[in-house]
Amino acid sequence: MEVIYNPHTPSQLTEKRAVHLLTENTPNGKKVQILLEELRAEYGFEWETHLIAIETDEQKKDWFLALNPNGRIPVLLDNTKDSPVSVAESSAILVYLQEQHDRANAFGFASSAERSQALQWLFFWHAAAPVRGQLGHFRGLKESQPYAIHRFKSELLRIFSVYEDHLSGRHNGGVPRDYLAGSGAGKYSIADMGTWPHVRCYRLSGFSDDDMAQFPCLLRWVSRIAARPAVREGISDRYTSRDNPEAVLRGVSVA
């Protein structure tokens, strides 16, 4: 998106030519944090992290809305270029970072067919994520909403079954896969990073281990990715605003 600064834009964003991440340790924030940590481990890539205390609605203020009119985290601001670039929507940020900074395609693909696979799986979860959000909403209401809970729980289980069938190789001659995209067993990519932070939180959606026992390949995929050092760093508490008040970004007060 076009970058527009206003008098309330924090100077940390305007004065330092760097890649800036505005985030909080939510599932959407985590997927970008993970890719950045992977890029650091692979290439020594560096960026500036700024935490947004979303419970204060900082992301609804004018300076933030000038970077992302939707008022959501994460946002990536790249002002290393002559014309700064602001990227909103977590999946779009993953694509931007992989295209711009993953020069050896460590987390992407050189072939158009495999790249298309990665984008398809990335977009599949991006479209499915609201189901998880709605399930959480109706489960959190004081008055029970059994129909809505059943509806969204059943749909989320169906979505999990799509991943299970794909990873098990059910539709590919029974050859199991390690990752969502790529030929053969697949390759760890932005498709996995964009999906994993949400799927790993199945207990928060009200699913028990017994509920998930029907998805053994999906659970192994969750564990496989969780074992990566950069993933563990990308979801660590250093990305949580309440634990790191010195990293919290706020707009400038103008008299």
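Let's start with the lining of the largest cavity: Gln98, Phe107, Gly108, Phe109, Arg115, Ala118 and Ile190. A cavity here is a set of points on a 1 Å grid over the protein atoms alone where a 1.4 Å probe fits but cannot get out, and lining residues have an atom within 4 Å of a point. This is a predicted model: local features need pLDDT of at least 70, side-chain atom pairs count only at pLDDT 80 or more, and totals for chains, interfaces and linings use all residues. Residues are numbered from 1 along each chain as its sequence is written, and side-chain values use heavy atoms, leaving out hydrogens and water.

About 30 Å³ of space lies in that cavity. Volume means the space filled by probe spheres set on the points, which are joined across faces, edges and corners.

Helix α4 (residues 90-101) packs with helix α7 (residues 190-199) at about 150 degrees, axes 10 Å apart. So α4 is roughly antiparallel to α7, a term for angles over 145 degrees. Axes are lines fitted to C-alpha atoms over the stretch in contact, with angles from 0 to 180 degrees between N-to-C directions. Helices are DSSP runs (H or I, at least four residues), numbered from the N terminus. Which residues make the contact? Leu94, Val95 and Gln98 of α4 meet Ile190, Met193 and Gly194 of α7. Contact means heavy atoms within 4.5 Å.

Technical notes
1 Å grid on protein atoms, 1.4 Å probe; cavity = no way out; pocket = protein on both sides within 12 Å on 5 of 7 lines; lining within 4 Å. Helix = DSSP H or I, 4+ residues; strand = E, 2+ residues; numbered from the N terminus. Parallel < 35°, antiparallel > 145°, perpendicular 65-115°, else oblique.
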